[in-house]
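Please keep the sequence and the view side by side while reading.

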Amino acid sequence: MTSNSIDSLLHESRRFAPSEAFSSASEASSELYTSAKEDRLEFWADKAREYVHWHKPFTETLDWSTPPFAKWFADGELNVAYNCLDRHVLAGNGDRIAIHWEGEPGDSRSITYAELTAEVKRAANAMAALGVTQGDVVAIYMPLVPEAVIAMLATVRLGAAHSVVFGGFSAESLRSRIDDASAKLVVTADGGWRKGKVFPLKAAVDAALANGESSVTNVLVVKRGDNEVEWTEGRDLWWHDQIEAAEPEHEAQAFPAENPLFVLYTSGTTGKPKGILHTSGGYLTQAAFTHKNVFDLKPETDVYWCTADVGWITGHTYVTYGPLANGATQVLYEGTPDTPNQGRWWEIIQKYGVSIFYTAPTAIRSFMKAGRQIPEQFDLSSIRVLGSVGEPINPEAWIWYRDVIGGGSAPIVDTWWQTETGAIMVSALPGLTTLKPGSAQVPIPGIKIDILGEDGTRVDPPNGGLLVVSEPWPSMLRGIWGDPERFKETYWSKFPTLDAPKYFAGDGAHVDEDGDIWLLGRVDDVMNVSGHRLSTTEIESALVSNPIVAEAAVVGAADEATGQAVVAFVILKSNQEHAQTAAEASALLRQHVAKEIGAIARPREIFIVAELPKTRSGKIMRRLLQDVAEGREIGDTTTLADTTVMQIISDKLK
């Protein structure tokens, strides 16, 4: 990445230092960076002892004798569910609310730590009665209801691993994950609420298991949607019947720190999905440490809400494990942000007094499109920290988020991490860092990040290159389930130094004069236009900086003259949709990009669209837009939240 190609991002000159009041009350101190730099391994050992209860203390911090296969705290023993539940009850915090749950139709439950512990104990006994034990895998295919979290914790309480499959995935996607992990048990629901309707889940499980050759012996079904379901006698069991019949007491046993905790599948564009394996002690250490310090968590007073589904890594680390390990009170919401109205999220924040809010740039930009008049109808004054996750956030979306949702004062932590890293790797710490809109900023204390050129040499700031993790970290993936060679080839072959291989994240990044990191998206989201390397993130940021634009997606399309050409798909803000013709808006925005970045980045075409193709986790599927831009047949759309979007775009462009 040439420095010229990211100049427009770094023209962002706005800076936001933490207030004196916030800094003085902050959970994190600059000593974290100092101690991590002095002795990185001892730093993580200290954090493991501080944030985790060990049934058997560890004596060895890291075994890196056979890279890239790491072992953290390997001779220690713990129970992850005990860390998330029992210890808080034993410490006298059983009456603290663990989960405020809000169903999409408006039903709600508030569950204390004592109540959650009791339910997990019964669920663990119910699973054990069905033969689940250490070494087994339990597949979980659920809406975002408390039973999803309970099922996760009950599984790991037994020393088994879970494989959570997002409830929006198809039967075929579910089948491939169940088969790859050889799951013994499936936990599902009859249905779940989405956009005012019940969508069936049990039917997809039935279809996934239809060939009769599955490793699954039982299916536990939570009654949620009250929709009719098919029933296979002997295999299918109602969750509530099994929980009621289970013994109420269950003693949590200790398991080794490297005991598998979960397998979470990431879908590639080709080949079978990759089962990312995470283990227990190191993962829980970094999950709890980052949750406490990145969000400045005060468990006694904060109400925390991460909007992710537990089907994604963000829902694993920052809904289930991080918050519960820290004894936090959090919100879970089953439905979509616009049901029954576009103010639903703000209504929930007002109802529960949410003070820490963590969501995706895609959601923020959709709220920008709808207009600030919607959140301004609600009391959001309880918010004191905001977070962003999933992709780089455009500076203008960052400013809107801070001003409209954060009352003009709440710090924003823009977090970079992945399913594979397990926990946050790059982020500001809100009480310490002077914030730069659009920049993820600095590695977490104890994390070693480098920006390298293609030849593996470190680039000098200000410059861009490939983002790598140079030293092993506690919450790192331990492999791809059942495929160690694919693990090595996928993540460690780019810079394969024998004694010190580096993890290549697949992302490009720029490091500025201050040493702060700016994520530029996947390296395959970099275009080569007439020999100039341009980042899609950079051009999208320029488009969103225009006041008429709510959201933008940019792709590189094949072009005979320039190799690749910039093609943009733009959603206008709702108050702009009829202010000018699509041709006028397109011409204005092409000129705007040329002014912001340079003529080389001026899009060949800008298409004004009503929606963009997004997965159910909110990520834009740019490869589908590239299909349209290059006039190809549109590829697989099964993972989209709305599969009709691409047809509408395609028909419009024709």
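1. Start at E605. This residue is partly exposed, with a relative accessible area of 28%. Bear in mind that the model is predicted.

2. What does E605 meet? The side chains of E605 and R604 come together in a salt bridge, at 3.1 Å from N to O. R604 is partly exposed too, with a relative accessible area of 32%.

3. Next, look at helix 17, residues 484-492. Here K488 forms a salt bridge with E485. The closest N and O atoms are 3.1 Å apart. The two residues sit three apart in the helix, so about one helical turn separates K488 and E485.

4. E485 is exposed, at 53%.

5. Helix 9, residues 171-181, holds another pair: E172 and R175 are three residues apart, so they are separated by about one helical turn. They form a salt bridge, with the closest N and O atoms 2.3 Å apart. E172 counts as partly exposed, at 48% relative accessibility.

6. Some charged residues join in a network. Salt bridges link E27, K292, D296, K298, D302 and R384.

7. How many salt bridges are there in the whole structure? A search finds 43. The pairs above are among them, including R604 with E605 and E172 with R175. As background, side chains of opposite charge can pair when their charged atoms come close.

How values were computed. Residues numbered from 1 in each chain as written. Predicted model: local features only at pLDDT ≥ 70, side-chain atom pairs only at ≥ 80, totals over all residues. Heavy atoms only, no water. Salt bridge = Lys/Arg side-chain N within 4 Å of Asp/Glu carboxyl O. Helix = DSSP H or I, 4+ residues; strand = E, 2+ residues; numbered from the N terminus. Buried < 20%, exposed > 50% of the residue type's maximum accessible area, 1.4 Å probe, protein only.
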